[in-house]
Amino acid sequence: MGRGLRLRSRRGAYAAAMIVGALLTTGLAACGGDDDSSGDDGSSAEEIRLAVIPAFGSLPIHVADVQGFFEDAGLDVQTTETQDVPGAVAALGKQFDIALAAPPIMLAANAQGANLQGISGMQVVDQQHLNSVLVSKEPVNSFADLEEKSVGVIALSGGSIQSTQYLIQSEGGDPDKVNFSAVPLPTMADQVEAGRIDAAVSAVPFFTGLEGLALGDQDVSAAAVEAVTDGAQTSTQTAMMATTKDWAAENPEAGEKFRKALADSIAWIEDNPAEAQTLASEWTGLDLAVVEASPEPAYSATIDAETLEPLIQIGQEVGGLPPSVPPASEQVAPGADQEP
């Protein structure tokens, strides 16, 4: 028998908000950046062209900018906000030096010969720090019970659908018997409530304060990693920072400074939770009450091959990644697994 999916009911006011999904596509909008390109010691700061989606999972970037951690590290970070994460990743080595990525995006790009590497971590999920959960009208006791049902996901490729497919498969179901469809995050709960779809894999903050719906208390991505590793790994990264292999090799000191700035930013967030929520509201455009009611994110400035290995296995077992994916050890920049 497969591991049961624990659910609980949540009540409250549903707050509509801007789309923060990593696979939604809109145009790029330039923002941020500091005209002063000198470090504290008067030396020239190293410039980094950065692309990032303003979301819960990328808050350390905003904090590092606002609190001056990039400048303190000797970096001049020119930030471009985007909702088109795959497009930004495709522009690495051209328009951008570093870009926010979901690991499956980088893994799929490298399977096609993109030659990218993780330069740092970003958002970590586990069962204490939820990011993606199953929303349905009635409690679902097993992912295998999703057979013959319609399930909304943020996109028909990437980590959300791959994790769900793997959990269905691992609990004795057939993912091919599930009708997956791409559904915008802000409308998922409404479509479940209206009966247009039976369930949806929602994400922060769109499962906050739902009324009358069953809400999974497991993070789907973390649960899939736990299943594929037989419990050896209980957390995973759903957001990371990627660069080209050439940039990582040519700019090792800049990469180290970038991770140091992120580590300082993460420490600040942990030490200043109320102020961090205010900055998260500013960064995402969400009402402060929605931010305060949402699960607290967890972050990491580092990333290692061990994090990517189960994601490769999950993607390949459900047909989301081809056999040509390079080994995980080749997809992490030297030093990216070291605490700054």
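**Figure 1. Salt bridge between Glu-46 and Lys-257 in the predicted model.** In this predicted model, the closest N and O atoms of Glu-46 and Lys-257 are 2.7 Å apart, and the two residues form a salt bridge. Glu-46 belongs to strand 3 and Lys-257 to helix 9, so the pair ties together parts that are 211 residues apart in sequence. Glu-46 is partly exposed, at 24% relative accessible area, and Lys-257 is likewise partly exposed, at 26%. The whole structure contains 3 salt bridges.

**Figure 2. Salt bridge between Arg-49 and Asp-97**. The closest N and O atoms of this pair lie 2.9 Å apart. Arg-49 is in strand 3, whereas Asp-97 is in the loop between helix 3 (85-90) and strand 5 (98-101). Arg-49 is partly exposed, with a relative accessible area of 29%; Asp-97 is buried, with 9%.

**Figure 3. Stacked aromatic pair of Phe-70 and Phe-258**. The ring centres are 5.8 Å apart, with 10° between the planes. Phe-70 lies in helix 2 (residues 69-72) and Phe-258 in helix 9 (residues 252-271), 188 residues apart. Phe-70 is buried at 4% relative accessibility, and Phe-258 is buried at 0%.

**Figure 4. Buried residues of helix 10**. These are Ala-276, Leu-279, Ala-280, Ser-281, Trp-283 and Thr-284. The elements covering them include strand 3 (46-52), helix 1 (59-66) and helix 11 (288-293). Just after helix 10, Gly-285 adopts a positive phi of about 80°.

Key: Residues numbered from 1 in each chain as written. Predicted model: local features only at pLDDT ≥ 70, side-chain atom pairs only at ≥ 80, totals over all residues. Heavy atoms only, no water. Phe/Tyr/Trp six-rings, centres within 6.5 Å; stacked < 30°, edge-to-face > 60°. Helix = DSSP H or I, 4+ residues; strand = E, 2+ residues; numbered from the N terminus. Buried < 20%, exposed > 50% of the residue type's maximum accessible area, 1.4 Å probe, protein only. Contact = heavy atoms within 4.5 Å. Salt bridge = Lys/Arg side-chain N within 4 Å of Asp/Glu carboxyl O.
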